[in-house]
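Let's take a walk through this one together, starting with the whole chain and then moving in on one part of it.

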Amino acid sequence: MRCSVYFPAVIAGLVGIDDVLAGNWTQLSAGPWSGREGLMVASTQGKLVLTGGRTSSGAGFSDEGWTSTDGGGWALAAKA
């Protein structure tokens with residue numbers, strides 16, 4: 001199963017915070033990583049950074065990191 005990336009449309013300036021709180025989200029891309037849950041996304045220095053997570057069966061944690069400037073295109077980050 002592949003994981004799709006959803007970000008609130010408010011990031012793109014398409015809707016306001018009320019719409020986001022009501023659950024209105026826009027799919028920007030299908031993530032290039034394997035299906036996972038419990039991942040984290042942060043915004044820093046003009047980029048989105050996605051890290052971690054584990055398989056959808058709950059076993060094994062990922063050590064991958066991905067970056068994006070627009071939430072649509074993602075690049076595998078170099079490992080530290």
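A contact here means heavy atoms within 4.5 Å. With that in hand, look at the contacts in the protein chain with a separation of 6 or more: residues 24 or more positions apart account for 34% of them. Keep in mind that this is a predicted model, where local features need pLDDT of at least 70 and side-chain atom pairs count only at pLDDT 80 or more, while totals for chains, interfaces and linings use all residues. Residues are numbered from 1 along each chain as its sequence is written, and side-chain values use heavy atoms, with hydrogens and water left out.

Now for the overall layout. The protein chain has one helix and six strands, where helices (H or I, at least four residues) and strands (E, at least two) are DSSP runs numbered from the N terminus. Reading along the sequence gives β-α-β-β-β-β-β. Of the 80 residues, 25% count as buried, that is, under 20% relative accessible area with a 1.4 Å probe, protein chains only. The chain exposes about 5200 Å², by the Shrake-Rupley method with a 1.4 Å probe, and carbon and sulfur atoms supply 56% of that area.

Next, the tryptophans. Which residues do ring pairs link into a cluster? They are W33, W66 and W74. Rings of Phe, Tyr and Trp (its six-membered ring) pair if their centres lie within 6.5 Å; planes under 30 degrees apart are stacked, over 60 edge-to-face, and the rest tilted. The structure holds two such aromatic pairs. W33 and W66 make a tilted one, at 5.6 Å centre to centre with 55 degrees between the planes. Since W33 lies in strand β2 (residues 25-34) and W66 in strand β5 (residues 65-68), this pair ties together parts that are 33 residues apart in sequence. Both W33 and W66 are buried.

W33 also pairs with W74, this time edge-to-face, at 5.3 Å centre to centre and 90 degrees between the planes. W74 sits in the loop between β5 and β6 (75-76), 41 residues from W33 in β2, so to speak a link between distant parts of the chain. W74 is buried, as is W33.

Finally, follow β5 to its neighbours; two strands pair if DSSP finds at least two bridges between them. Strand β4 (residues 47-51) pairs with β5 in the antiparallel sense over four bridges, and L50 stands opposite W66. On to β6: β5 and β6 run antiparallel, joined by two bridges, and T67 has A75 in β6 as its bridge partner. Their hairpin has six residues between the strands, and there G71 takes a positive phi near 80 degrees.

Notes: Buried < 20%, exposed > 50% of the residue type's maximum accessible area, 1.4 Å probe, protein only.
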